[in-house]
Amino acid sequence: MGMLEGKVAIVTGGTRGIGLAIVKAFLEEGASVALFGSRKETADKAVAELKAENADAKVVGLAPDLTSYEEVEKAVAQVKETFGKVDILANNAGISARESIYDYDPKAFENIINLNVNAVFYCSKAVAPIMKAQGGGSIINTSSMVSIYGQASGSGYPTSKFAVNGLTKSLARELGKDNIRVNAVLPGVTRTDMVAALPKEIVDRISATIPLGRVGEPEEVANAFVFLASDKASYITGATLTVDGATQV
Ligand code: NAD
């Protein structure tokens, strides 16, 4: 029996990268999954590919604008209508930045906060009453190792991930009484499309600085989500779990 048998999950940013690995891992462990993508076409494409791999996969795709609370609330209600409940929310959608403060368009800073922070709050706010009425649930946020170290450019990104940790710890304290656990996973450099597109020398140089000697795989990050989503993590809340091969900056 899978670790998430009978559970219903929402995964934001579930169309590729770490999010898609989370969706696959949740499906493998027996959950029903609603993946949220940024566009309906990419969400539908991801669902079609997952169903081509396994025709019985219980997966649907939606594309609410995560920066609009109204759209998020509607999409979450639709998931509840489709699957009957919501047990797990993986707040994974995110964008990063590299701009120096000298070139940083204030609008770009705002956009990153809107998606990486506000959307996490919106999705959590929309699922919390459903989880409370059901007797509990698990919210897991994709933070980053930069939420420990900061980053020497693109300051909106680390700022957003420090905020994600703050929201994680605060909601864990607030929602504990409703048996809703809230945790964050902090990946290090992970082999998603962006890393896969880098020249081998650069990936080798990054890998040499990591004690485990390599970058992480999306599936290794997804395994942490499975554990935190499962009943095996029933006393774990407010945690920030690094999955970074002991990266030190
Ligand atoms: P990715 O770019 O491959 O995927 C990002 C996902 O977010 C996609 O599914 C995309 O559809 C979604 N998304 C982007 N903009 C959106 C929007 N406006 N509305 C809705 N969805 C949107 O990136 P990834 O590397 O898989 O990143 C996933 C998460 O992991 C992010 O929160 C990122 O900050 C975090 N992270 C990644 C790494 C890494 O090395 N890849 C390291 C630490 C943390």
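A backbone N or O atom of Ile18 lies 2.8 Å from a ligand oxygen atom, a polar contact being a pair of N or O atoms within 3.5 Å. For Arg16, a polar side-chain atom is found 2.9 Å from an oxygen atom of the ligand. The side chain of Thr192 places an N or O atom 3.4 Å from a ligand nitrogen atom. Taken alone, the ligand exposes 820 Å², of which the protein buries 84% (Shrake-Rupley method, 1.4 Å probe).

## Basis of the model

The model is predicted: local features need pLDDT of at least 70 and side-chain atom pairs pLDDT 80 or more, whereas totals for chains, interfaces and linings use all residues. Residues are numbered from 1 along each chain as its sequence is written, and side-chain values use heavy atoms, without hydrogens and water.

## Shell around the ligand

## Aromatic groups

One aromatic cluster consists of Tyr69, Phe121 and Tyr122. The count is 3 aromatic pairs, with ring centres within 6.5 Å; planes under 30 degrees apart count as stacked, over 60 as edge-to-face and the rest as tilted.

Terms used: Polar contact = N/O pair within 3.5 Å; in protein donor to acceptor, adjacent residues only side chain to side chain. Phe/Tyr/Trp six-rings, centres within 6.5 Å; stacked < 30°, edge-to-face > 60°.
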